[in-house]
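Dear colleague,

I am passing on the structure we spoke about, and I would be glad if you opened it before reading the notes below.

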Amino acid sequence: MDSSTASILTEVFFETLGYWYIIIPTIFLGLIVGGIPGFSAANTIIILMPLTLALDLQSGLVFMISLYCAARMGAGIPAILVNIPGTAGAAATPLDGYPMAKQGKGQQALAISFVASCIGGLLTTIIALAAMPILARVGFYMHSVEMIVVMLFGISLIASIAAQDMVKGLIAGFLGLMIGSIGTDVVYATPRGTFGFLELYDGVPLIPALVGLFAVSEAFVIIEKRVIVNHDGEPKAPNWGDTFEGVKIALSRWVHIVWTSIIGLVIGVIPGAGASIASFVAYQQSRSFSKTPEKYGTGHPEGLIAPESANNGVTSGTLVPLLVLGIPGGATAAIMLVVMQFHGVSFGPSLFENQPTVGYGMFMAMAVSYVFMFLTILPLSRYMSHVTTIPTIYLAPMIISFTLVGGFVPREYMFDMYLALAFGVLGYIARRTGYHVAAILIGVILGPLLEKYFLWSLKKSDGDIMVLFSSTLGNILWVAFALSIILPMVFSMRRKRKLEVPAE
Amino acid sequence: MSMKPTITRRALLGTGAAAATLTLATPGLLRASSFPERNFSVYIPTAEGGGADRNFRAFSSVWKTRLGVEFEPSFYPGASGRVGYEIYMGKAEPDAYNLLFGNIGPEVLNWAMQAPSFDINDYIYFGQVDKDPCCLFVGAESPLKTMDDIIAAAKTRKLNVGTSRMAHPASIGLLALGDKLGLEFNLIPLQGGKGTVAGAVTGEVDFSVLTSGSVIAAGDAVKTLLVFGNNIVGEALDNAPSINDAYDMDLPEMLSTRAFGIHKKAVDDYPDRFEVLTRTFKETHEDPALMEAYIASKGQPEYLVYAGVEECEAEKAAMLELGARYKSLLSGA
């Protein structure tokens, strides 16, 4: 980094700090919209577009970035406390976050999530800033063939979940993949399995599926109990001690935060890939190389850190292709592009030559937002965790009505509310009969993406299946994928063998 | 008996209040008979954040000042635009307050591939916002730098070509080029303009074809090599030649035409409302503020061209005919 860049960065950093009066209210707005299922940074920016366009460039930029970061973090709050992931990017968060809340550790779980999100987000922002030219190249190597393997990393989580009950786990996973194949095909736009419903032409909408499988089904389950917290988990008065304990747990696993947030960053810089892929892949990798994989899914802090660090890593990652190549990495980045172009900003390779303060300013706005978020949100975990002690006779109807509205919001179809209810019933039956809803959901979320990359690969090779092994990077990923499946099994066998050897 | 006209305090106050109410209500009563009385809902069959979003916002920001109400967009992507049209035709009230903002080229081609559930004559396009020819472009770092490079490479292997969707005028332009040169190309639908640009830039495909407005907006990340129509913007499209000039062809222009549409029933039932829409639409085109807004949204001034019902309908018919001709190649049938 030369001295002129360093001076620009310093100047932009202090300038961004001066926008605290925009950042702090936006953080709270972002937390709210991120926490409400169906709302997101993208549709909030669209709703507030007249305001964003009326602001000057720097203010608009700071507003959008703060909202983006805060919404990402906000989505984790209801995922942890009431099993409602606000967005697909938070779909892996409840796997361990919600069991913690049920054990009366909601406050610790929130603190862990906030620390993992802020450190993950801040760290990846710094890495993205420092290594932008290199990261921008990732998209040049990660094509459809390579993305198939990345998808398989995430989908293989089904097998991990199925390990508890292989037949039921695989049935649930395949059911999810089948549901995920509903919609028009990516090549000729031919409708499949839509049962004539126009609303399914674009595939099964993610938010109704997400809130239905997780939240509505959970509401049906918790109504049978007095409060969310289990009988053996003590609903106790919130205190600072639990928050600090959560912070301590997260900080003691800083290597884990670093590692999984980098997974998020790398996946984030690939145009079209998103936070849902990153969080599932990070969770799967975290579990695969854990010394205690059996604890995942039971309220294990590392199972919460992995998806939260990763999905915040994606946030900074999506800015890289937008700024360097002019290609938005996701929906929010695409809308940012519209706003920025309205202000006359030209993205692409020349951005850092012509308007360096804009390019660096976006990363600085992100870094400053994460710092402010850490300071403002962490103390709130003490109060937020109260939710788990609300009697379920009030909480369950609230969850159902809240999530049905959330199911409606993204597309404004009544159909989506019915769909959320249908998924809720499916999820309830699955829970009561020992099928894992997460396995169904992974299929629903990652199945269509896997199919898209698979069909593109086959189309590019005129149907030759060997295209899957045609690239060097792809082959390296295949080996890594095989190792990530085999090595944990080997480690597990070794551990068992050690335990079987009597102590001398 | 003589009646002495008297007025009590109560009557005076009552009459005064009635008069005041009537006076205050008069503009409202007059407004009630005018059009529009409320905001317009605009159905857009693509995702937010793309070229349609940009154009819509630029145009409606000026149009709304003439009508005094807002244009509220709703985005319905999916199935190559089919979802948005089906929702508009199936669910939106045909009252001239519900409008469509589509792209005549690729979206009408869809109907040639697979007929929609409604009669395609039940809606019309009444006003063209802009029109740009499709083009062929490579990523800035592509090893294929010229058309000669592409032709030479295509003779050794089947090149993969990104397109927004199979049924797209740009796809037809490429297939026509392949016919002329005896080359075979493999079209890869990359689901939208952003994906198509990304595909060419990152090397997912060898090169891409797309509407030139979106290619220009991608800036120096791409380089245009050929235009499936007339290059009226010169340097903005890297001075790329027209396909007809370069290869001695007689291909009609492969155009992307963004236009507002409306239910035919609304036109028939509310001719006065339709007249307001078409008149103010044309006036908006004549307003210099539109050009400013269009350029601010990265539009090319040369592409901002007005066309009314007749021209739009003629293009709709031309696209249907073109689609029928290339159906087997574009639909996999």
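To follow the point about burial, please keep in mind that a residue is called buried if 20 or more other C-beta atoms lie within 10 Å of its own, the C-beta atoms being placed from the backbone. The model is a predicted one.

With that cut-off, 23 of the 25 residues of helix 8 of chain A are buried, so this helix is largely enclosed by the rest of the structure. Helix 8 of chain A covers residues 106-130 and reaches 36 Å from its first C-alpha to its last, which is close to the 36 Å expected at 1.5 Å a residue.

The largest nonpolar core has 262 residues, and those with the most contacts inside it are A:Met151, A:Leu441, A:Ile442 and B:Cys135. Helix 8 of chain A gives the most to this core, namely 14 residues, while domain 1 and domain 2 of chain B each supply at least three. Leaving aside residues up to four places away in sequence, B:Cys135 touches several others, among them B:Val209, B:Leu226 and B:Phe228.

Chain B itself has 13 helices and nine strands, and buried residues make up 52% of its 333 residues.

Where the chains meet, 37 residues of chain B are in contact with 37 residues of chain A. On the side of chain B that touches chain A, helix 7 of chain B provides the largest share, six residues, and the residues of that side divide into 13 nonpolar, 13 polar and eleven charged.

With best wishes

Methods
Residues are numbered from 1 along each chain as its sequence is written. Chains are lettered from A and ligands numbered from 1 in the order in which they are written. This is a predicted model: local features need pLDDT of at least 70, side-chain atom pairs count only at pLDDT 80 or more; totals for chains, interfaces and linings use all residues. Two residues are in contact if their C-beta atoms, placed from the backbone, lie within 7 Å. Helices (H or I, at least four residues) and strands (E, at least two) are DSSP runs, numbered from the N terminus. Ala, Val, Leu, Ile, Met, Phe, Trp, Tyr, Cys and Pro count as nonpolar, Asp, Glu, Lys and Arg as charged, and the others, Gly among them, as polar. A residue is buried if 20 or more other C-beta atoms lie within 10 Å of its own, exposed if 12 or fewer, and partly exposed in between; C-beta atoms are placed from the backbone. The expected span of a helix is 1.5 Å times one less than its number of residues. A nonpolar core is a set of buried Ala, Val, Leu, Ile, Met, Phe, Trp, Tyr and Cys residues joined through C-beta atoms within 7 Å. Domain bounds come from an automatic or database domain assignment.
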